[in-house]
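Please open the model in a viewer and keep the selection panel at hand. The stops below are arranged so that each selection leads to the next.

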Protein chains: 2
Amino acid sequence: MTLKIYIAGPEVFLPNGLEIVERKRALCRDYGFEPSARQGDFLKHAGGDKFTFGVLISGHNEALMRESDIVVANLTPFRGISADPGTVYELGFMCALDRPAFAYTNTARGYHERVVNDYYRGNVTAGVNGRQAGSDGHMIEDHDMVDNLMLDGGIDRLGGFVVRHKAPAGGEFTDLSGYEQCLSRIRDGGWAERLA
Amino acid sequence: MTLKIYIAGPEVFLPNGLEIVERKRALCRDYGFEPSARQGDFLKHAGGDKFTFGVLISGHNEALMRESDIVVANLTPFRGISADPGTVYELGFMCALDRPAFAYTNTARGYHERVVNDYYRGNVTAGVNGRQAGSDGHMIEDHDMVDNLMLDGGIDRLGGFVVRHKAPAGGEFTDLSGYEQCLSRIRDGGWAERLA
């Protein structure tokens with residue numbers, strides 16, 4: 001059985017996004033997997049309004065997810081301290097369908113560290129009931145995870161894993177070493193047989 | 001048929017989160033719905049490591065989602081320009097199960113405006129191929145939506161809607177007017193009959 005992989009990540013927003021997406025699809029094949037068809041970003045705006053066009057792309061991507069066996073998600077923080085929301089939605093979508101999820105992030109720094117240092121700039125207090133809180137009073141969770149516990153928890157429940165890879169500065173969105181580590185571990189973990 | 005609602009949102013992180021969650025659950029009942037049981041935040045850390053504890057909460061919440069008929073998600077931007085990642089994961093999860101999703105956000109400002117003004121502070125360019133780009137070169141999408149197109153698209157596909165409500169300053173996480181608008185519209189939209 002050749003596993004079909006849905007490749008989730010914010011690459012579509014990069015100026016050379018198409019090139020990186022195609023490189024990720026080619027790497028899928030190199031490791032013995034089949035990449036899902038390209039996601040809907042290539043669809044042409046056919047005259048409807050902007051909202052309708054967005055819905056069209058979303059529907060295309062949801063259909064690709066339903067026909068994929070597993071997902072490999074790029075959880076590298078995007079426009080803030082957390083993963084790209086589109087990627088997070090897709091991760092939840094695949095986990096609900098019990099399709100094993102694997103992820104990588106191009107930072108070695110966990111969610112707690114990013115919340116405390118990047119978002120709150122260290123302005124945190126011991127909080128109430130022993131729970132740490134930010135300067136806005138919001139509780140800061142620490143589960144030794146790469147993002148909100150629903151993400152890491154969903155991945156873990158189905159036997160998946162998250163690769164933390166420290167990409168060189170400037171390579172946060174183009175370095176594919178963590179991605180390749182994912183593919184290699186999925187192949188060596190015998191997932192094709194487990195899902196056959 | 002009494003619809004069971006999974007209430008998704010970042011309230012658990014508020015100092016008075018438990019109180020707000022219980023108010024949201026009570027409002028569910030006021031509008032003729034059944035709220036799902038409280039989410040796993042109340043679980044006690046029973047000695048395992050932090051990661052295992054997070055997985056326990058995640059599994060509890062996933063079980064609650066599977067037994068709920070619809071989801072009402074609070075997509076108010078949390079710790080940045082996008083919705084809370086846990087809420088986004090849960091939205092994708094419910095949409096994959098074809099459970100209609102409804103949402104509200106306590107800001108009237110759409111995703112495009114928040115990306116351009118809040119994240120990039122107006123430092124954007126016309127970009128390549130006519131696509132607007134931020135100072136980091138990343139493309140900025142504009143689909144007239146409240147967040148990434150996968151979120152709004154998934155909600156729309158199943159017939160749901162997003163309420164945009166401008167909460168008074170300081171009330172972004174406690175104002176429940178948008179939430180009540182959601183409940184009212186779900187009731188009046190005959191969803192209990194449609195899903196019976």
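Counted over all chains, this predicted model holds 30 salt bridges. The tour begins with several of these pairs, then moves to the contact between the chains, and ends with two individual positions.

**Stop 1: a salt bridge between two strands**

Select Glu34(A) and Lys4(A), and display their side chains. They meet in a salt bridge, with 3.8 Å from N to O. Glu34(A) belongs to strand β2 (residues 34-35) of chain A and Lys4(A) to strand β1 (residues 4-8) of chain A, so the pair ties together parts that lie 30 residues apart in sequence. Are the two partners buried or exposed? Glu34(A) is partly exposed, its relative accessible area being 36%, whereas Lys4(A) counts as buried at 17%.

Now select Glu34(B) and Lys4(B). Here too the side chains form a salt bridge, at 3.8 Å from N to O. Glu34(B) is in strand β2 (residues 34-35) of chain B and Lys4(B) in strand β1 (residues 4-8) of chain B, so this pair also joins parts 30 residues apart in sequence. Glu34(B) is partly exposed at 36% relative accessibility, and Lys4(B) is buried at 16%.

**Stop 2: a buried pair in chain B**

Next, select Arg114(B) and Asp147(B). Their side chains meet in a salt bridge of 3.8 Å, N to O. The pair links distant parts of the chain: Arg114(B) sits in helix α4 (residues 111-119) of chain B, and Asp147(B), 33 residues away, in the loop between β6 and α5 of chain B. Both Arg114(B) and Asp147(B) are buried.

**Stop 3: the interface**

Colour the two chains separately and select the residues of each that touch the other. How many residues of chain A are in contact with chain B? There are 58, and they meet 58 residues of chain B. The area buried between the two chains is about 4,800 Å², and carbon and sulfur atoms give 63% of it. In chain A, select Arg79(A), Tyr89(A) and Met150(A): these residues lose the most area to chain B, together 18% of what that side buries.

For the charged contacts, the count between chain A and chain B is eight salt bridges. One to display joins Glu62(B) to Arg157(A), where the closest N and O atoms are 2.4 Å apart.

Four helices of chain A, namely α2 (50-66), α3 (85-96), α4 (111-119) and α5 (149-157), each supply at least two residues to the side that touches chain B. Of these, α2(A) gives the most, with 11 residues. By residue class, this side of chain A divides into 30 nonpolar, 13 polar and 15 charged residues.

**Stop 4: the relation between the copies**

The same surface serves both copies, since 100% of the contact residues of chain A recur in chain B.

**Stop 5: Ile57(A)**

Return to helix α2 of chain A and select Ile57(A), which is found there. Ile57(A) is buried, with a relative accessible area of 8%. Which residues does Ile57(A) touch, not counting those up to four places away in sequence? They are Gly40(A), Asp41(A) and Leu43(A), together with His143(B) and Leu149(B) from chain B. For a distance check, the C-alpha atoms of Ile57(A) and Lys44(A), 13 residues apart along the chain, are separated by 9.5 Å.

**Stop 6: Asp144 in both chains**

Finally, select Asp144(A), located in the loop between β6 (133-134) and α5 of chain A. Most residues other than glycine have a negative phi. Asp144(A), although not a glycine, has a positive phi of about 60°.

Select Asp144(B) as well, in the loop between β6 (133-134) and α5 (149-157) of chain B. Asp144(B) likewise has a positive phi of about 60° without being a glycine. At 48% relative accessibility, Asp144(B) counts as partly exposed.

Conventions
Residues are numbered from 1 along each chain as its sequence is written. Chains are lettered from A and ligands numbered from 1 in the order in which they are written. This is a predicted model: local features need pLDDT of at least 70, side-chain atom pairs count only at pLDDT 80 or more; totals for chains, interfaces and linings use all residues. Side-chain values use heavy atoms; hydrogens and water are left out. Contact means heavy atoms within 4.5 Å. Buried area is the accessible area (1.4 Å probe) that two parts lose on being put together, summed over both. A salt bridge is a side-chain nitrogen of Lys or Arg within 4 Å of a carboxyl oxygen of Asp or Glu. Ala, Val, Leu, Ile, Met, Phe, Trp, Tyr, Cys and Pro count as nonpolar, Asp, Glu, Lys and Arg as charged, and the others, Gly among them, as polar. Buried means under 20% relative accessible area, exposed over 50%, partly exposed in between (1.4 Å probe, protein chains only).
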